[in-house]
Each structure stands twice: as C-alpha cells, then as structure tokens.
Amino acid sequence: MPIEIVCKIKFAEEDEKQKEKEEGDKESLIEEPARPRSRDLAAFASTSTLHGLGHICRSGRLGVRQTLWALAFLASLAFFLYQATKSALLYLEHPHVMALDEEATREMVFPAITICNINRYRHSALTDADIFHLANMTGLPPKDRDGHKATDLLYPDPDMADIVNRTGHQLDDMLKSCNFSGENCSSRDFTVVYTRYGKCYTFNGDRRNPRVTRQGGMGNGLEIMLDIQQEEYLPIWRETNETSFEAGIRVQIHSQDEPPYIHQLGFGVSPGFQTFVSCQEQRLTYLPQPWGNCRASVQGEQMLPGYDTYSIAACRLQCEKEAVVRSCHCRMVHMPGNESICSPNVYIECADHTLDAAVEDSQERCSCPTPCNLTRYGKEISMVRIPNKGSARYLARKYNKNETYIRENFLVLDIFFEALNYEAIEQKKAYDLAGLLGDIGGQMGLFIGASILTILEILDYVYEVIRDRVSRVLRRSKPPLKKPSGSIATLGLEELKDQSPCETLGRHVEGAYNTGILPNHHHRHHYPHQGVFEDFAC
C-alpha cells in the first residue's frame, strides 16, 4: 500500500519573529488597560488659558509672527516676575502704618493722679537719731539739738521705711480743699504710694472701682488746693544726691493699670499759681513681631504686686529692684518685693550708684518693650497767679497764716478732660498677605493673562508628560511573551534527514519509494542553507 508523506513549509525565521512581536504587543494591550497618550505641546498651547502661548506653539516652522509673539510673551513674563518680586520683598519687610481716629463717649474713666512734695523729709519730724542716720543723705551735721557730736551718741539701727513714712509730708496737713466733679473729697480718697520722692499720694488709684466723669471742661475733674509747707524743707548745709533747690509738687497723670514713675514722667507745679491741666486720653494699639516690637500681656502675669498687666513703669521698677538686690542684697523703700530694706548708709554707698548705673545701662540690661495696648494722657498746661490781693487776706484769715506765707506755699491744681472723647491710635499692617496675593494676581492677569487655574493646567500637562514617559520605559524593559507554535511539531531539515520517519518508512518491507515524491526534492540545491528555519509537518 503506497504511503504519501506531506511536508509543509510553515514560516521563515524572520516571519516567526514578526509574528511573535505582534502577539506580544497584542498580549500587552490585553493585559494592561489602555492609557491615552499625552497631548503634545501644540495641542496644550491651543487649549491653554495662558495668553499668547497658542500663537507661539503652532505646528510647522517657526515664522516671523511666531517669533514676535514669543518675544512679546517673554517680555510680559519678565515684567510680571519683576513686579511679583517687588511685591514679595515689600511683604517680607512687614511695613506698618499708624491710623488715628477720634471717638466720642458718654462717660470716661478718670485717670489716676499721683502727687509728691519735692521735699522728702520734714525738718520738724526728724529726730536726733534720724538726723544722725540720714547725715550722708541730707547733708545735715550729725549733731543733736543740744550740739552733741555723733561720736558721743548711740542710736539703734535705723528703719528706713519708718523714717520715710513718718517724716514725709502728710496729706492731712497739705490738703486744704478737694473737689471732684462738684463733690467734696478729702485725704481719705487718696492712697499712700512710695516713689523716689518718698511718701506720695494717689487719687483714684483703685482700678477695680475707678471714678468716672460725665462731662468735659474745667470744674468737671479734680481740683485741689495744697500747702507745700516750705518751712518744713530741709536746710542745705552741703550738697548731696538728695539735695533739692526747688519748691512745689510733682504730678503724674497715669492709668490705674500702671504704677507711678513720677521722678521721670511727672511734671512740676509751683506755689503761687493755679495750674490748669487739660487732658485727652489716648488709647494706643501696637502690633507684635514681625510688624512691630510690642509685648503682649500674658494671662495671669503679675509684674508688680497689685498690677496684673504689663507696663513699662512696672518693668523698669522690677529691673531696678533686681539690680539693687543683686548688688546690695537689699531693696529701696519705693521698690516692690519682700526683701529687706537698705539702711541709709547702703543707700548712699551702694543703692544710689547701682540705680544710676541701671538707668544708664537700661537699654542693655533691662529691656522693657512697649505694651501692645497702652493708655496715656496728653496734657495742655496753663496757669494763673494766685492769690490776688483780696483773696490773700481772706486765705490768711481762714488758715491763720500771713499773706506772704499764702503766696509762697499755696497752689491750686485743676485737672480735667478737654472733652468726652479719646484718640484711638492703632498700628496696622500696611501690606498683608491678602494684599500680596491681590497684587500678584492682578499683575499675573495684566501681563500674561494667567490665573490660579492656569497654573493647575500647566501642572496637569506636566503630570501627563511624565506619566507617559514612565509608562513607555516600563513597557520597553518588559521581556516579550512567547507561545508554542501549536500542535504541529517542528524539526530542522538536517535533523529530519537523520531521524525522519519517512526514511524508516522507505525501508518498508513493501520496497523502496522514489525519492521524487518528496516536495522540492529535486530543487533542494536551489535553496542554500542560510540559517533559515524550514519547518516540516509529517
């Protein structure tokens, strides 16, 4: 029985590679979800809201029109960057302005009034022991009234607080009349306070229950008549740091929230005059860092006993006390605290020098920034002479003094509000973040026609480009997938010659078959072997 062997040539090696590549691409497309390719720059420019970009990024060669548009766009971009940089640098400087406003009110809190007699110790109140202990401070000779020298006298250790309180001018003796807004007042309406001038007195110093005034002008504030008691002034034997050549009182108008700092902030009032002080309240508000340099009050902070808010006067008093305690191991009478009080000798030898040095070095050792909220009082001072001839006789008879004494010792102080309004002086930001963003946005729209959404468009386009590049790199690095060619077995031609079952069949017992039955057998020499794979299926 004749047997026919059919051999089919399937693919050449090049065709096999092409097919494998197509199959690999097909499988990659099946395995990974299809992703849209990123837009090119011309397509993005044609849809972008950035002005001028669509005229520059056109398809085709770069022409004169596109060049002019590119130059105009670059020039506008440069102007925008320049203006934006100027705005940013101005913002970083943190500029501020002062806003002034005047506001009226129906009633106002009357300020605290502190008065001090310039003379610190009454001569008649000094005992022999006081003169002995205060000799270096007052300049008086250390002798008793009988002329005994100090070497013959023995006195107990001095109590400086007792000396100041006992020998200072007493308000009951100085105050001759008192009137506040038409109502009589007395020395009981004043509180004792100690300053560098010794024993002083403050009117309306209670911050929990301050007095108010409901009308401005003269006669609607505090009016007091004082006797400065010049006969009690200490005689001057020699000059010392405590020697005073003036006669009169020192006055400070301040808020109830701050202690008096009268030796630096007070003004003088002379006897023989009626002094009118017209006040206007000023409420100042400052900005903290970085726009200003103010210091905000911390809740519960207490710089001085009895004062719950921060103030420059309280800060200075605290710094001065710390300096004296550090150098002299004691404090002065007017300084707050529980430390022991310095003796008169320590006053002269240590405390006064330390205090003077602390004042000179206050900028370095004691930093007292301005509080963020401050109340101060502007003053306009005028005066007239008192008494006239007629009133001098009347006052002399009333107070059992002579007319000369009245002219040399009596004074009248009248303090009132000019009007029931106050000045609100506020430090404000001259250029804040909203102004910076508004300027940059306006310049961006003016020069390049862009906005925040334009920036988002550019970021979205950059994201698409990066994503497309990354996905391409990942696909190239992935090896192609190969699959078997099917159920047809493939053999090389040389292998077929050696192991072809057709040769086995040719040695069949029925006899040999003509080799001409193999396809292309007579033409095999027409296809020289070039590494081409010829697959046969039998």
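**Disulfides**

I began with cysteine 116 and cysteine 200, which form a disulfide with their sulfur atoms 1.8 Å apart, where a disulfide is taken as a pair of cysteine sulfur atoms within 2.5 Å. I note that this is a predicted model, in which local features need pLDDT of at least 70 and side-chain atom pairs count only at pLDDT 80 or more, while totals for chains, interfaces and linings use all residues. Residues are numbered from 1 along each chain as its sequence is written, and side-chain values use heavy atoms, with hydrogens and water left out.

I looked up the torsion of the link between cysteine 116 and cysteine 200 and found 120° about the S-S bond, which is right-handed. Cysteine 116 lies in strand 3 and cysteine 200 in strand 7 (residues 198-203), so the pair ties together parts that are 84 residues apart in sequence; helices (H or I, at least four residues) and strands (E, at least two) are DSSP runs, numbered from the N terminus. I found both cysteine 116 and cysteine 200 to be buried, with buried meaning under 20% relative accessible area, exposed over 50% and partly exposed in between (1.4 Å probe, protein chains only).

I then searched the whole structure, which gave 6 disulfides. One of them joins cysteine 328 and cysteine 350, with the sulfur atoms 1.8 Å apart, and with -90° about the S-S bond this link is left-handed. Cysteine 328 belongs to helix 10 (residues 312-328) and cysteine 350 to helix 11 (residues 344-360), so the pair ties together parts that are 22 residues apart in sequence. I recorded cysteine 328 as buried, at 11% relative accessibility.

Next I took the disulfide of cysteine 330 and cysteine 342, whose sulfur atoms are 1.9 Å apart and whose 100° about the S-S bond makes the link right-handed. Both of these cysteines lie in the loop between helix 10 and helix 11, so the pair ties together parts that are 12 residues apart in sequence. Cysteine 330 and cysteine 342 are both buried.

**Aromatic pairs**

I counted 7 aromatic pairs in the structure, where rings of Phe, Tyr and Trp (its six-membered ring) pair if their centres lie within 6.5 Å, and planes under 30 degrees apart count as stacked, over 60 as edge-to-face and the rest as tilted. Phenylalanine 110 and phenylalanine 180 form an edge-to-face pair, at 5.0 Å centre to centre and 75° between the planes. Phenylalanine 110 lies in the loop between strand 2 (108-109) and strand 3 (112-117) and phenylalanine 180 in strand 4 (residues 175-180), so the pair ties together parts that are 70 residues apart in sequence. Phenylalanine 110 is buried at a relative accessible area of 1%, and phenylalanine 180 is buried at 5%.

I also looked at tyrosine 399 and phenylalanine 410, a tilted pair at 5.4 Å centre to centre with 55° between the planes. Tyrosine 399 sits in helix 13 (residues 389-399) and phenylalanine 410 in strand 14 (residues 410-429), so the pair ties together parts that are 11 residues apart in sequence. Tyrosine 399 counts as buried at 17% relative accessibility, and phenylalanine 410 is buried at 2%.

**Charges over rings**

I noted arginine 283 over the face of tyrosine 422, at 3.7 Å from the ring centre, the criterion being NZ of Lys or CZ of Arg within 6 Å of the ring centre and within 35 degrees of the ring normal. The charged end of arginine 295 sits over the ring of tyrosine 310, 4.3 Å from its centre.
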